[in-house]
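User: I have a model open here and would like to talk it through. Could you start with how far to trust it, and then move on to the details?
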Amino acid sequence: MTKEAVFTMKLESDLRSAFLAAAADAHRPASQIVRDLMRDYIKQQADRREYEAFLHAKVAAARTSLREDGGLDHDDVAAEFARQRGTAQP
């Protein structure tokens with residue numbers, strides 16, 4: 001991939017020195033590591049958005065199901081689980 005853009009950022013000199021030393025220890029160019037970090041961050045954000053969309057869809061489906069089927073209230077659920085545990089109260 002052709003590199004056509006320059007990215008300038010400000011950071012603490014000790015952070016820069018430590019990062020460049022770590023890159024040198026890994027025998028990798030610092031710019032490549034930053035590109036990898038950027039790609040990872042972009043993927044994490046996409047994954048987060050995808051998960052949030054999935055979660056919203058599940059909640060919407062559950063709410064629709066509750067509206068259509070009536071659902072169970074807390075006392076009914078508690079009684080059912082107590083019955084399953086064999087601790088049903090009369």
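User: Where is confidence lowest and where is it highest in the protein?

Analyst: Confidence is lowest in helix 3 (residues 74-85), at a mean of 90, and highest in helix 1, at 98; pLDDT is the predictor's confidence in each residue, from 0 to 100, and helices here are DSSP runs (H or I, at least four residues) numbered from the N terminus. This is a predicted model, in which local features need pLDDT of at least 70 and side-chain atom pairs count only at pLDDT 80 or more, while totals for chains, interfaces and linings use all residues. Residues are numbered from 1 along each chain as its sequence is written, and side-chain values use heavy atoms, with hydrogens and water left out.

User: And what is the mean pLDDT of the protein?

Analyst: The mean is 92, and 97% of the residues reach 70 or more.

User: Ok, what follows helix 1?

Analyst: His 27 does, and its phi is positive, near 55°, although His 27 is not a glycine. Most residues other than glycine have a negative phi. His 27 sits in the loop between helix 1 (13-25) and helix 2 (30-69).

User: Is His 27 buried or exposed?

Analyst: His 27 is exposed, with a relative accessible area of 73%, where exposed means over 50%, buried under 20% and partly exposed in between (1.4 Å probe, protein chains only).

User: Switching topic, how many residues does helix 1 have?

Analyst: Helix 1 has 13 residues and reaches 18 Å from its first C-alpha to its last, close to the 18 Å expected at 1.5 Å a residue, that expected span being 1.5 Å times one less than the number of residues.

Methods:
Helices (H or I, at least four residues) and strands (E, at least two) are DSSP runs, numbered from the N terminus.
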